[in-house]
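Please look through the sequence and the model below before reading on.

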Amino acid sequence: MPLSLRLSIADTLTLGNATCGFMAVYFTTTGILIPHLTGSQETGMARHSAATAVILMLCAAVFDLFDGLVARKLRSSPMGAELDNLSDLISFGLAPAYFVLVYGMVADDAHQRVAAVGAIVVLLAVVLRLARFSCVTVKDGTFQGMPSPFGALTVVSIVLLELPFPATLMAILGTAWLMVSRVEYPKPRGRLAVAMLSWIVLSMGLLAAWAFDAPSGMLLLQTGCALQLVMGAVIPLFATARKVNNFRDNRREARAAQLP
């Protein structure tokens, strides 16, 4: 095959990301939406399918984390960047937006059309974020706006918290705004990448405990979802504080240099 069409190891991981996103949509449809439309009262199946769909999004985030690490260590094909954006659009744009849409159809206090608007906003926010990422250069070590994997997990965490519908919708719209904002988020490298991977594994465990109706499983899941929301709000505060401190240090050094 020509070099432009050969897949690298990093590209294979990226395709795993896309596969997980598609399967998340599949489980959301077959395990939550279809039973609701057919009048099935089996809540356990819906819980298992919801947990499976979110775990698949978490697996997509793992693939997304490792394909970047592998591409830096080894190599990436000329298609690498395009494959990454397209896969992220499926796993972190379509899958969470569809999750919100189905939530609006099955939740007792939700409004289907309003939830559909929220789902569209999430999808468009990811589309705009990925497009901007491809053409805007930012300083090394940071993302401009909440990364789409983090945003997708925050959106599904909001849904799983089972807050009143107005609060859920406002939190989802706020997350979408963070994804297209200029708020800085650090890139997951080194210790931060290890911490992120550990958090994903822990989240999978919480989802499994909830799916199998373990003791205090719902409480553990809600605690994990709440922590996800807190991290989404707190992490940019640290980046902003660091920027303010750097600005103060630079001003202090400039004043010191002007002194005789």
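With which side chain does the side chain of T14 make a polar contact? The partner is the side chain of D67, at 2.8 Å, where a polar contact is a pair of N or O atoms within 3.5 Å and, within protein, one atom must be able to donate a hydrogen and the other to accept it, while residues adjacent in sequence count only if both atoms are side-chain atoms. This is a predicted model, in which local features need pLDDT of at least 70 and side-chain atom pairs count only at pLDDT 80 or more, whereas totals for chains, interfaces and linings use all residues. Residues are numbered from 1 along each chain as its sequence is written, and side-chain values use heavy atoms, with hydrogens and water left out.

T14 lies in helix α1, which covers residues 9-37; helices (H or I, at least four residues) and strands (E, at least two) are DSSP runs, numbered from the N terminus. T14 counts as buried because its relative accessibility is 3%, and the cut-offs are under 20% relative accessible area for buried, over 50% for exposed and in between for partly exposed, with a 1.4 Å probe and protein chains only. Not counting residues up to four places away in sequence, T14 touches D67, L83, D84 and S87, contact meaning heavy atoms within 4.5 Å.

Helix α2 (residues 43-73) holds L65, which is buried because its relative accessible area is 7%. Beyond residues up to four places away in sequence, L65 touches P188, A193 and L197. The C-alpha atoms of L65 and S134 are separated by 17 Å, and these two residues are 69 residues apart along the chain.

An unreviewed UniProt entry places the feature "transmembrane region" at several spans, including residues 15-38 and 151-180; UniProt positions are given in the numbering used here, feature names are shortened, and annotations may be inferred rather than shown by experiment. For residues 15-38, the end C-alpha atoms lie 33 Å apart and the span is 96% helix and 0% strand. For residues 151-180, the end C-alpha atoms lie 10 Å apart, and that span is 87% helix and 0% strand.

Helix α6 is where T175 is found, and T175 is buried because its relative accessible area is 5%. The side chain of T175 reaches the backbone oxygen of A171 at 2.9 Å. Leaving aside neighbours within four places in sequence, T175 is in contact with M146, G151, T154, V155 and I158.

L173 is also found in helix α6, but L173 counts as partly exposed because its relative accessibility is 32%.

Two loop residues complete the tour. Most residues other than glycine have a negative phi. E162, in the loop between α5 (148-160) and α6, has a phi near 60°, a positive value in a residue other than glycine, and E162 is exposed because its relative accessible area is 57%. D213 has a phi near 55°, again a positive value in a residue other than glycine, and its place is in the loop between α7 (191-211) and α8 (217-258). D213 counts as exposed because its relative accessibility is 58%.
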